[in-house]
Amino acid sequence: MINSSSNNSATINGSMSPSSTANPQSQGLKAYFKTPEGRYKLHSEKTHPAGLLPYAHGKSVTQITLAQLKEKPNQAVVGPSSSYSASSGVRYVAQRFLGSSNGSRGLSFVGGGGPSKTNGGAYRSSSFAGSNGSGSNSIINSNFDGKGTYLIFNVGDTLYVSDLNSQDKDPIKAIHFNNSNPVCHAFGCESKDGHDLIIGLNCGDVYSVSLRQQLQDFGKKLVGAQHYNKDGSINNSRCTSVAWIPGRDGAFVVAHADGNLYVYEKGKDGTGDVAFPVIKDLTQFSVAHAKSSKSNPIARWHICQGSINSTAFSSDGKYLATVGRDGYLRVFDYSIEQLICGGKSYYGALLCCTWSGDGKYILTGGEDDLVQVWSMEDRKIVAWGEGHNSWVSGVAFDPYWSPPTSEDTEENAMYRFGSVGQDTQLLLWDLSMDEIVVPLRRCPPGSSPTFSTGSQSSHWDSAIPVGTLQPAPSMRDVPKLAPVVAHRVHPEPLSGLLFTPESILTSCREGHVKIWLRPGQLEQSNNSEYLSAYSLKDKTSSSSKVGSLSYK
């Protein structure tokens, strides 16, 4: 295994030097890659202004997040009116903090963060809690609509927001943190009270904010933020992952590097007693609830010894998956707070995990350079993929890709997923259920396993008790996948991977993001708003045809 970084976290985001972005061929990189369905072509890039990179904080855990803001509800206009368009508002905000005054070049925008209609504008000065908890004055355009799709990414001590609909590579917003680095974040498109973005810091503190309100503000600090675990009062270890709980508006979880996960409700001020009992056995899963109904967090889950590197909820919110420094995937029934199943990596820590849209499969990746496919029905690994030459730092299913045939029945379901690694490669994989076989567990020792297709859930229920963490199975007993595409997309180790209806987004640890247009989308690339707004929750379980299966 190649250890290209000492950082064991799941995602590490970054950027490319100006010379390499201008001429990818100079780095030996191609601006396209071929797949069975056609050619993906590099369309545009997003990055942070080079002059703003805080090199002293350069090494931090980072990630990329997509956020969609819907149309702003109608509100009464307060204050003097003036002609102010949404796109010009984005331009003005960006030029205030990215203009020539701080050494960065001026920006040119195509499109904007919202419709180009004229709105009545109102400015006001307000006092808000900054990222370090201190008060500060800020100028706000309260009528800026902000409708659009945004890319959020963090580099060093700054959280950046870019307009995904614009071809300009520089961000439209930067939020600076004085005493710590933002290391993880999550956007909730269904949040009702405006606070839709949660941010976890390296020091353990957590914030919830309104993304729209941050875009309205002309300052560089958080505005209107709610602060949790202030100064590490509950847990002072690094935040490693944050996630909204599907179906529970206002509830979210925060995972920490000490193996604990906390459940928060954003509407509570946390004035009650937040003390939790001492953990008696660090090797065992346990849940403790707050004594007071006013407490925030409301519960503590002790998951494992060592860091929790990544968390992911199934789309219905029923199950929570975690992976950690100890190399185990754990799957919990969230509603009843019970460990259901899990298993070990082949080597080292697991760094990332994600669910399929239908909740049937979990992808994991980590320090063994492998991608593993876990079946919730079978409660075990049903396939593993070999193709990376270093740690796998990001995995994701592609819910927008259509299978090549219409025979996508439950018995012949097909999936497409991707992975990125510290070997700088993007790999795409195809997974076909009719070619996945599950070895029968009751195989006599020393004999060849018998394979069968179809559901084995009743067999595994009797063979594997609920809550069992299994060792890694023999590789010869599990189907091996080969990638259909392996493409070096950045000169630096990769950190993140996202799929949209029109494109694939990849990021490297230097804070640079590339947008790869899907086959058939190239004709739309001349339109500056080719990436139409889409619902982040509209993710079906569409998938694809398997490339090649073999046994080792």
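Which side chains meet in a salt bridge at 2.5 Å, N to O? They are those of Asp-430 and Arg-416. Keep in mind as you explore that this is a predicted model. Below is a friendly tour of its sheets, charged pairs, aromatic rings and cysteines.

**Charged pairs**

- Side chains of opposite charge can pair when their charged atoms come close.
- In this structure, the count of salt bridges comes to 12.
- Asp-430 and Arg-416 are both buried.
- Glu-37 joins Arg-416 and Asp-430 in one network, built from salt bridges that share partners.
- Another salt bridge links Glu-386 with Lys-480, where the closest N and O atoms are 2.8 Å apart.
- Because Glu-386 is in strand β27 (residues 380-386) and Lys-480 in strand β34 (residues 480-482), that pair ties together parts that are 94 residues apart in sequence.
- Glu-386 has a relative accessible area of 34%, so it is partly exposed, whereas Lys-480, at 19%, is buried.
- Arg-330 and Asp-326 also form a salt bridge, with 2.8 Å between the closest N and O atoms.
- Here Arg-330 counts as buried at 8% relative accessibility, while Asp-326 counts as partly exposed at 24%.

**Charges over rings**

- Arg-416 turns up again here: it lies over the face of Trp-401, 4.0 Å from the ring centre.
- Arg-39 places its charged end over the ring of Tyr-32, at 4.0 Å from the centre of that ring.

**Aromatic rings**

- A pair of aromatic rings is described by the distance of the centres and the angle of the planes.
- The structure contains 20 aromatic pairs.
- One of them is the tilted pair of Phe-177 and Tyr-207, with 6.3 Å from centre to centre and 50 degrees between the planes.
- Phe-177 sits in the loop between β10 (173-176) and β11 (182-187), and Tyr-207 in strand β13 (residues 206-209), so this pair ties together parts that are 30 residues apart in sequence.
- Phe-177 and Tyr-207 are both buried.
- Elsewhere, ring pairs connect Phe-285, Trp-301, Phe-313, Phe-332 and Tyr-334 into a cluster.

- Strands β8 (residues 148-155) and β9 (residues 158-163) run antiparallel and are joined by 6 bridges.
- Phe-153 has Tyr-160 in β9 as its bridge partner.

**Cysteines**

- Searching the whole structure gives 0 disulfides.
- For Cys-353, which is in no disulfide, the nearest cysteine sulfur is that of Cys-352, 7.4 Å away.
- Cys-353 counts as buried, at 8% relative accessibility.
- Cys-508 is buried too, with a relative accessible area of 0%.

How values were computed. Residues numbered from 1 in each chain as written. Predicted model: local features only at pLDDT ≥ 70, side-chain atom pairs only at ≥ 80, totals over all residues. Heavy atoms only, no water. Phe/Tyr/Trp six-rings, centres within 6.5 Å; stacked < 30°, edge-to-face > 60°. Helix = DSSP H or I, 4+ residues; strand = E, 2+ residues; numbered from the N terminus. Buried < 20%, exposed > 50% of the residue type's maximum accessible area, 1.4 Å probe, protein only. Lys NZ or Arg CZ within 6 Å of the ring centre and 35° of its normal. Pairing = 2+ DSSP bridges. Disulfide = S-S within 2.5 Å. Salt bridge = Lys/Arg side-chain N within 4 Å of Asp/Glu carboxyl O.
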